[in-house]
Number of protein chains: 2
Amino acid sequence: MRIPIDHYSVIPIYRQIEIFFRKAIQSGTLLPDMRLPASRKLAEDLGISRITIENAYAELKADGLITSRVGSGTYVLPLCPLSSLEIKNSRVTWPLWQQDLVIGKEIIAGKVLSKRQKISQHLISFAAGSGDPCLFPVEDFRRTIQSVIRRDGITAFEYGEPSGFTRLRVSIVRVLASQGLQTQPENILITSGSQQALALVSQLLLKPGDVILVESPTYARALDLFRTLDLKIVGIPLDHHGIQVEKLEELLQQLHPKLIYTIPNFQNPTGVSMNSWRRRRLIALVDRYNVPILEDDFVGDLRYEGRAQPSLKALDPGGRVIYTSTFSKMLLPGLRIGFVVAEGPVYQELVRRKHTYDLASSNLIQRVLESYLTIGRYQTHLRYSCRIYRRRRDTMLKAIKLHLPADISVTPPRGGFFIWLCLPENISAKNLLPLASEEGVIFAPGNSFFPNGSGGDNYLRLNFAANPPEEIEEGVKRLGKVIKRLRQYQ
Amino acid sequence: MRIPIDHYSVIPIYRQIEIFFRKAIQSGTLLPDMRLPASRKLAEDLGISRITIENAYAELKADGLITSRVGSGTYVLPLCPLSSLEIKNSRVTWPLWQQDLVIGKEIIAGKVLSKRQKISQHLISFAAGSGDPCLFPVEDFRRTIQSVIRRDGITAFEYGEPSGFTRLRVSIVRVLASQGLQTQPENILITSGSQQALALVSQLLLKPGDVILVESPTYARALDLFRTLDLKIVGIPLDHHGIQVEKLEELLQQLHPKLIYTIPNFQNPTGVSMNSWRRRRLIALVDRYNVPILEDDFVGDLRYEGRAQPSLKALDPGGRVIYTSTFSKMLLPGLRIGFVVAEGPVYQELVRRKHTYDLASSNLIQRVLESYLTIGRYQTHLRYSCRIYRRRRDTMLKAIKLHLPADISVTPPRGGFFIWLCLPENISAKNLLPLASEEGVIFAPGNSFFPNGSGGDNYLRLNFAANPPEEIEEGVKRLGKVIKRLRQYQ
């Protein structure tokens, strides 16, 4: 009997033999009452020990697939009903419950994220969602990981507290205080990135069909989440000063939304910030209409000019605003450490829910972050990053003025990572992208940032932070070429 | 004017001053039209520079809280409507939407997890959910983290792929193959622990009110999750050979469950394993009734005797079983790396959903795990752990025979971490726990493992793996004392 044996496989040989027979029996190649080779003979044939064969047979016997008849040999037993199904269907059909799954939209994120890997000398990407990895303090972190493991040993690898490493929460309180936001460790919950914070809050406060108000456009991964949860997403238009709060009251009266999701500082994708009057007005409105705010402050720190606005949370009289931020953008995306600031009953509910979702965020990484996060080092890194990124923003703005058509409008951002470009009316960002890609430059097309997935076709988002100045210059030049070419043919 | 300044605080002084005035204005201590001190005078009073005061005032002006009148001075401005609310309510009342939150049950987990910290010389805990941290290969991991960061640099800290680090998925394929489960990297999704896998699958396939069938008793954190999701939890009784599959068909016909959650190997909390016949019967039944199985194999590797049963996944003709496991129990809980094995449309839906929940699990830790996880090292660690834990199991069984009353029954587990104790009818595990705690020993009382939270009051779960033999001996002795004492008074 010819049985393929791989002597170099990690799979033990007795297992390979067992699997071979198992498959043969289940597929009907070996039928009930057929006699299997005697172990001694098979061992000879295959050039392996008899014990190995007998181990394989023992497993099959234990599973009721074969049986030994004394003095007679080893025989295949009849299978239970399922196997007749297997014999009938030589190809697998997915069970009905799988076929019924509503297939969700393809996520763009995978493509955007993997673009980093495709970056060669030829492709310049303005599509990334983060800053420049080269600024990441990798060496610092490596050393810090070392010292934390030496210091804490096993404890660093245990589950840790559900609301997060206490000392890290204390450090975060200090960081927030230096930004004018007063809070306490007991109101901070560590999450696996701010994406998890968005997921926790949405799932706690809303059910399928509930209305959520978002900026239009807004963070694409948040839209993905809200769609996955079957929420009714309603967009509020933005202008240079952020969300158009004047249009908000009517929506609150008509739609009774269960949550308002806002990115008040250096918004993704537009780069605009909510002005002071609107922040206060928003707080007053949600108070009157009893609607919670989810404030996403993912790059509030990265300010290049102007004054820091108080966060909505700093204006919160108590319990109206759930604030989230992350260390993914300022430091390292791979850390997956974010946090929520909240007071009132909602805080404990978030802790509880987070616990049921993944028990706790990485204790080791939380400890490393706490160790790293002395205000001095964080502030130093912040100032350094701001300096670099401000220069890059200026480089890109200059390049845009130089290389792109004059009727392309741009709102210079005062912080963050993104420049939001408005193309002339007859140019579609979606159509532009493949052409740009061939020319060696990519960006994030505008429609993925809009609630309906459309209505943003004239826009594109450029990340000025992730590339050095020469690449920015060159990338915008390429973009200009493609736009010019596209216009000639229209 | 007396303003408290802390010169040693991490909060910049101009901020401290700004915050002081901001609070005073918002609380009504400073009323509209009151005149603020001239910056030069205030600077003199506080012994700081005038520029500092002016920076503070500039921030308040930018926020519309104060204004300068030329030649006159700086005055407090009236606040927007909300502040009158603040002035009225000297204590914060939570907004209505917070008051309406259904307050979930207190999680026991927090208490169980934190018991590790309370372990002193006097308290012996049999309540833990994992193995002995002392067995964790901390040094190995520390060195591996080093070499991975040196090898991969920045890339180790980037987001990574949504379905998980490819090479880790390949390693997992090999590990599973050596256990008789054939799969491919394209069918593996890395999750943030197997708890996240449970959360993803439940939320994808069920909505509030849907029926989920579970073993009764079963893993307490899974019950927490199902309750949080408002599922209707129906328990199927267990016996020494696992879930009573004979009782299953009727439940499937009557209740139309949307998912069956099972732990076929060394179940938590009972330690029993599903026998071979029942595994096949279960597969045949779910096929006929079109119900998915979620198989949780968290300690299938930790086998001390008997033969390995094929996992349900290994018996799955295709797409009927979603399999999950974790490295938390075998290696280190703090890693938060688990995985799902699934085929068919459900796989992509799980990847998509996981992405919206937290983008990706820690890229760094995945890479470290992959580097560590050469089959040789994993198998070595596995054999070592099995040897230690088997001895501890035997120590506990012996101690139970010696120190506990004869009418206490125990089913010796053939693997895993737990011994499930059945107390005599008139003894409640919940009542026993505080008494045992005073005596210096704790355990996990049975009722948290039952779907209704009750009906398990006669049972308790003992973790034999987490303590060295002397502690086991001593702990069981203390438990025996307390039980004896409790009986005397009844």
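Trainee: What separates the centres of domain 1 and domain 3 of chain A?
Mentor: 58 Å, taken over C-alpha atoms. This is a predicted model, where local features need pLDDT of at least 70, side-chain atom pairs count only at pLDDT 80 or more, and totals for chains, interfaces and linings use all residues. Residues are numbered from 1 along each chain as written, chains are lettered from A and ligands numbered from 1 in written order, and side-chain values use heavy atoms, without hydrogens and water.

Trainee: Which residues are in each domain?
Mentor: Domain 1 is 13-91, domain 2 is 108-134 + 381-488, and domain 3 is 138-378. The bounds come from an automatic or database domain assignment.

Trainee: New topic. Which residues of helix H11 of chain A are buried?
Mentor: Leu248(A), Leu251(A) and Leu252(A). Buried means under 20% relative accessible area, exposed over 50%, partly exposed in between (1.4 Å probe, protein chains only). Helices (H or I, at least four residues) and strands (E, at least two) are DSSP runs, numbered from the N terminus.

Trainee: Which exposed residues are on the face turned away?
Mentor: Glu250(A) and Gln254(A).

Trainee: And what covers the buried residues of H11(A)?
Mentor: The cover includes strands S6 (211-216), S7 (232-239) and S9 (259-262), plus helix H12 (276-289), of chain A. Contact means heavy atoms within 4.5 Å.

Trainee: What follows H11(A)?
Mentor: His256(A), with a positive phi near 50°.
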